[in-house]
Amino acid sequence: MRQVIKFSFLSWEDFKVKIDLAAERLIIAERKEEKIAVEVKSFISASPVSDFHVALGQFLNYRMMLEIEEPDRKLYLAVPLEIHATFFQGSFMKAAVKRHSLKIIVYEPTVEEIVQWIN
């Protein structure tokens, strides 16, 4: 993901978000005129359902914190192309994305390129 400008940590009073910069990370960036934050997920465990539960929980917490700290910044969930093309195409996942108003970035992990922006 070559559009990265800086990393950021979020906190809200005594609630602090510790970010693992190895495989999963929150990226704060600007896309043209738009301020964004991107929660990158790799979905590498044996269970994409478990990976999604963790990703959704983190996404919702980060979004709530950003609404207070930086209300003009939009949060995206970045998911690998293969996961988006398979797991995210099921009716439950489509309903979950819609229900939680998830903004998605589909990326190709081998070349670290963004394939699609989904608002």
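**Reading a predicted chain: salt bridges and cores**

Biologist: How do the side chains of K41 and E39 meet?

Modeller: Side chains of opposite charge can pair when their charged atoms come close. Here the side chains of K41 and E39 form a salt bridge, at 3.1 Å from N to O. The term requires a side-chain nitrogen of Lys or Arg within 4 Å of a carboxyl oxygen of Asp or Glu.

Biologist: What should I know about the model itself?

Modeller: This is a predicted model, in which local features need pLDDT of at least 70 and side-chain atom pairs count only at pLDDT 80 or more, while totals for chains, interfaces and linings use all residues. Residues are numbered from 1 along each chain as its sequence is written, and side-chain values use heavy atoms, with hydrogens and water left out.

Biologist: Are K41 and E39 buried or exposed?

Modeller: Buried means under 20% relative accessible area, exposed means over 50%, and partly exposed is in between (1.4 Å probe, protein chains only). K41 is buried at 6%, and E39 is buried at 2%.

Biologist: How many salt bridges does the structure hold?

Modeller: The structure holds three. One of them joins K35 and D72, at 3.4 Å from N to O. K35 is in strand β5 (residues 34–40) and D72 is in the loop between α1 and β6, so this pair ties together parts 37 residues apart in sequence. K35 is partly exposed, at 30%, as is D72, at 48%. Another salt bridge links E70 and R73, at 2.6 Å from N to O; E70 is partly exposed at 22%, whereas R73 is buried at 10%.

Biologist: How many helices and strands are in the chain?

Modeller: Helices (H or I, at least four residues) and strands (E, at least two) are DSSP runs, numbered from the N terminus. The chain has three helices and eight strands, in the order β-β-β-β-β-α-β-α-α-β-β.

Biologist: Which residues have the most contacts inside the largest nonpolar core?

Modeller: In soluble globular proteins, nonpolar side chains tend to be buried together. A nonpolar core is a set of buried Ala, Val, Leu, Ile, Met, Phe, Trp, Tyr and Cys residues joined through side-chain atoms within 4.5 Å. The largest one has 20 residues, and F43, F52, F87, F88, L102 and I104 have the most contacts inside it. Two or more residues each come from α1 (48–69), β6 (73–80), α3 (91–99) and β7 (104–108). With six residues, α1 gives the most. Apart from this core lies another, of seven residues, including I36, V38, A78 and Y107.
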